[in-house]
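I opened this model to look up rings, core, strands and the chain contact. My notes follow in the order I took them.

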Amino acid sequence: MTSDAGELRRRARALAAEAIAPTAAARDREARWDGAALRRLACVGLLAPTATASELAALGDGLGEGGVDPGLAHAWGAHTAGASVVVARLAGDELRARWLPALASGEALGAVAHAERLDAPSATGIATRVRASARGRWVLDGQKHLVVNAPVADVLVVTAEDDGGRVQAFLVERRARGVTVGPRLVTDGLRTATFADVRLDGCVVWEEERIGLAGEGLSRVMRLVRRYRRAVALAPWVGLSRALVEASVAHARVGRRVGRPLASSQAVRARLVDMRTRVDLAARLVAHAAREVDRGDACDDRALASAALFVSETLSLVARAALEVHGLDCLGSDRPAVRLARDATLGARLLDEHPDVLAAVIGGALLGLG
Amino acid sequence: MPFSCEDFDRLCRDRIAPRAAAVDAAGAIEPATMRALADAGYLAMFHDGTDGEAQGRAMEALARACAATFWAASISTVLCGKMLSTLCSEASRERWLGPIAAGDVVGSFGASEDGAGSDPGSYRTVLYRAPDGTLRLDGAKSRITNACTADVCVVVAREGDPRSGPLCYAVVDLSAPGVSRRELPRVGLRGVSWGVIELHSVVVEEAHVVRDVSYEATLGAVEWGQLLQAWCGIGIGEAALDAAARHVRERAAFGRPLAHLEAVHGPLGRMRAELDAVRLLAREVSRQKGEGRLAREAVMMAKIAATEVGVSVAQAAMRVSGGWGFATTLPFERLVRDSLGNVPAGLPNDRLRELLACAMLDASPWAYEPLDWLEPAGLAIGG
């Protein structure tokens with residue numbers, strides 16, 4: 001695969017424009033998942049878990065811009081930058097041989113089941129438990145919340161805490177005994193993606209299905225997932241924001257306000273420039289974050305947190321500005337701008353911590369706290 | 001000797017930064033500082049093939065140490081120097097570029113006038129042929145950095161007719177008879193000279209006049225000005241963030257340092273993210289300019305974003321520092337004042353927005369449409 005980021009982005013954008021965009025509005029109206037559309041992305045390497053983070057980020061950017069489908073982009077992120085990367089980089093040989101080809105082709109879909117809704121604070125952030133059974137197997141019990149791809153996934157990366165307080169990670173087949181995927185959650189946004197809660201009741205997993213070593217569930221597995229979320233899964237949102245800017249420019253060329261062309265308004269012009277500048281800055285931060293991830297253990301996690309914060313706030317700013325430009329044309333329409341603006345803020349919240357939390361963590365780290 | 005980024009960082013941090021407050025209070029930069037910059041290679045690095053990334057890093061380090069010193073040195077060697085090297089004649093380059101790079105003379109660029117800022121169509125300084133056959137300049141350039149300290153000025157003038165003559169560049173020896181100068185009062189950057197250069201029948205040699213300069217060539221030089229303003233915004237922002245972090249660690253309230261408050265973490269975190277973002281763009285522009293390329297829209301976006309981030313970060317740093325942020329014994333008020341100068345400098349940010357937007361919309365940045373929205377909106381008095 002060529003490492004020319006611009007070329008990768010163009011390639012992904014072209015494919016997504018042809019394979020994803022034409023049906024995005026209809027699928028959004030119908031809240032319809034299209035696995036075949038995701039599988040088509042494999043032909044430009046969008047599903048390749050062994051690609052570098054920089055390559056995946058460039059491809060993801062193009063997917064977002066060309067596909068104009070936030071839900072599918074979100075599903076892609078959970079699959080490629082979540083489950084697939086974990087299997088590719090941290091799973092044992094047997095698991096890799098069993099699942100990697102199917103994950104890379106899209107024949108199998110992955111998800112990451114980590115977040116939970118906790119009744120009480122937990123040092124690890126999860127309450128799902130794993131215990132060793134008498135015959136050297138493991139048994140999982142717990143509930144995961146709002147798992148993207150869960151209703152349609154084939155495998156899930158599941159985290160659980162053992163009796164020693166260490167977090168382990170396992171690759172669990174969705175159809176395994178003891179795994180119950182709840183009903184698909186009805187959402188107002190990201191309607192072309194699928195979300196569900198996942199319950200584990202005495203779910204038995206084998207030792208070879210454990211990912212990483214004992215106690216590496218947070219320190220290695222989820223750290224990898226978090227890095228790829230911030231450097232790769234955010235990339236389509238940059239592309240989507242760019243598409244939103246382009247849609248706003250196109251609208252400004254033809255729209256009118258108080259009987260005059262929108263494009264002649266200096267206020268509108270300034271808003272369009274600020275949108276575009278913000279997206280350009282976000283794209284550079286994500287590309288930089290991806291390069292950091294590719295440095296492996298030398299990765300500067302602070303740079304990734306900065307990227308996540310900036311992109312998250314960019315999505316909100318650009319979405320709001322786009323709605324201002326479109327004005328009353330936002331009402332009752334299938335305009336991509338309206339869909340994107342609706343999904344932008346939601347997508348950012350699902351991918352990472354709330355911006356207030358991210359900002360506080362970055363500030364605290366800057367002060368040497370924690 | 002190749003330029004050493006580490007040595008330059010040390011010079012800025014250990015020698016120049018501690019003097020920044022004094023420079024602001026005195027309204028002047030010590031000659032020894034300019035000599036130190038010359039000896040460190042800062043003035044020459046923009047003309048000797050040093051790569052763009054190192055140039056950008058040096059600009060940030062100096063701006064972070066002292067924005068006024070940065071402006072004085074950079075307008076001379078970067079803006080005036082690039083004008084000389086890319087637009088002006090061989091004679092002008094030989095006479096002035098080497099001495100600027102060596103720190104022996106100071107340069108300036110004279111475009112704006114009292115009645116003309118963003119609109120070159122309003123320039124009235126005129127170059128004309130006097131009855132004795134000499135070329136002479138009449139007019140006044142206003143809001144010029146290094147106005148009272150410069151030895152040379154690249155002046156934009158109209159040739160022949162002050163209203164309709166074609167624009168040209170005249171390289172003016174400011175020691176020539178007929179030149180008078182004065183400072184203008186301003187909010188910030190008080191250590192650098194900034195004022196008016198009046199030209200009363202000043203003789204200019206034919207060899208130091210350049211005509212028919214292409215738009216691309218002009219852009220190539222002017223972009224350096226926008227880039228240095230971007231780096232100044234970033235440098236001021238970093239200085240402000242650093243000062244704020246130090247202050248909140250030391251200052252206690254309610255029994256613990258301010259640094260323990262979430263209300264402090266959040267703003268600092270956002271400052272960090274914004275500075276990281278604009279730095280990446282400025283670095284890319286520095287790379288492009290260092291390679292001799294036009295940066296076009298990238299440098300305009302960098303100038304807008306970085307200068308405005310500089311202002312917002314400086315203001316946020318003052319805010320998290322509470323009442324002491326307002327005191328002149330801490331650097332925040334100087335940093336806020338200095339940061340404001342970058343926004344209108346060169347082309348003001350809102351004019352740059354217009355230019356960028358018109359390119360996006362295929363509209364003309366020169367067309368004027370009178371405001372006539374009152375009647376359609378039902379707001380006309382008596383309407």
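**Entry 1: aromatic pairs**

The model is a predicted one.

I took Trp138(A) and Phe170(A) to begin with. Their ring centres lie 5.9 Å apart and their planes meet at 50°. That angle falls between the 30 and 60 degree limits, so the pair counts as tilted. The two residues are 32 apart in the chain, and the pair links distant parts of it. Trp138(A) belongs to strand E3 (residues 138–148) of chain A, Phe170(A) to strand E5 (residues 167–173) of chain A.

Are these two residues buried or exposed? I get a relative accessible area of 13% for Trp138(A), so it is buried. For Phe170(A) I get 0%, so it is buried too.

I then turned to chain B. Phe8(B) and Tyr42(B) form a stacked pair, with 5.3 Å from centre to centre and 5° between the planes. This pair also links distant parts of its chain, 34 residues apart. Phe8(B) sits in helix H1 (residues 5–16) of chain B. Tyr42(B) sits in the loop between helix H3 (31–40) and helix H4 (52–65) of chain B. Both Phe8(B) and Tyr42(B) are buried.

Which residues form one aromatic cluster with these two? I find Phe3(B), Phe46(B) and Trp224(B) there, along with Phe8(B) and Tyr42(B).

**Entry 2: the core**

I listed the contacts of Phe8(B), leaving out residues up to four places away in sequence. Among them are Phe3(B), Leu37(B), Tyr42(B) and Leu62(B). Phe8(B) and Tyr42(B) came up again in the largest nonpolar core, which has 216 residues. Leu41(A), Phe8(B), Tyr42(B) and Phe70(B) touch the most other members. Helix H7 (residues 215–250) of chain B gives the most to this core, with 16 residues.

**Entry 3: charges over rings**

I checked for charges over rings. The charged end of Arg137(A) sits over the ring of Trp206(A), 5.0 Å from its centre. In chain B, Arg351(B) lies over the face of Trp366(B), at 5.1 Å from the ring centre.

**Entry 4: a strand in chain B**

I looked at strand E5 (residues 167–173) of chain B. Five of its seven residues are buried, and the strand is mostly covered. Strand E4 (residues 152–159) of chain B pairs with E5(B) in the antiparallel sense, over seven bridges. Arg158(B) has Leu167(B) as its bridge partner in E5(B). E5(B) also pairs with strand E8 (residues 209–211) of chain B, antiparallel, over three bridges. There, Cys168(B) has Arg211(B) as its bridge partner.

**Entry 5: Arg251(B)**

I placed Arg251(B) in the loop between H7 and strand E9 (252–253) of chain B. Its relative accessibility is 38%, so it counts as partly exposed. Arg251(B) touches Arg256(B), Pro257(B), Leu258(B) and Trp324(B), not counting residues up to four places away in sequence. Its C-alpha atom is 9.8 Å from that of Gly322(B), 71 residues apart along the chain.

**Entry 6: the chain contact**

How much area do chain A and chain B bury between them? I get about 3500 Å², with 65% of it on carbon and sulfur atoms. In chain A, Arg269(A), Arg276(A) and Leu367(A) lose the most area to chain B. Together they make up 18% of what that side buries. The contact takes 38 residues from chain A and 40 residues from chain B.

Technical notes. Residues are numbered from 1 along each chain as its sequence is written. Chains are lettered from A and ligands numbered from 1 in the order in which they are written. This is a predicted model: local features need pLDDT of at least 70, side-chain atom pairs count only at pLDDT 80 or more; totals for chains, interfaces and linings use all residues. Side-chain values use heavy atoms; hydrogens and water are left out. Buried means under 20% relative accessible area, exposed over 50%, partly exposed in between (1.4 Å probe, protein chains only). Helices (H or I, at least four residues) and strands (E, at least two) are DSSP runs, numbered from the N terminus. Two strands pair if DSSP finds at least two bridges between them. A nonpolar core is a set of buried Ala, Val, Leu, Ile, Met, Phe, Trp, Tyr and Cys residues joined through side-chain atoms within 4.5 Å. Contact means heavy atoms within 4.5 Å. Rings of Phe, Tyr and Trp (its six-membered ring) pair if their centres lie within 6.5 Å; planes under 30 degrees apart count as stacked, over 60 as edge-to-face and the rest as tilted. A charge sits over a ring if NZ of Lys or CZ of Arg is within 6 Å of the ring centre and within 35 degrees of the ring normal. Buried area is the accessible area (1.4 Å probe) that two parts lose on being put together, summed over both.
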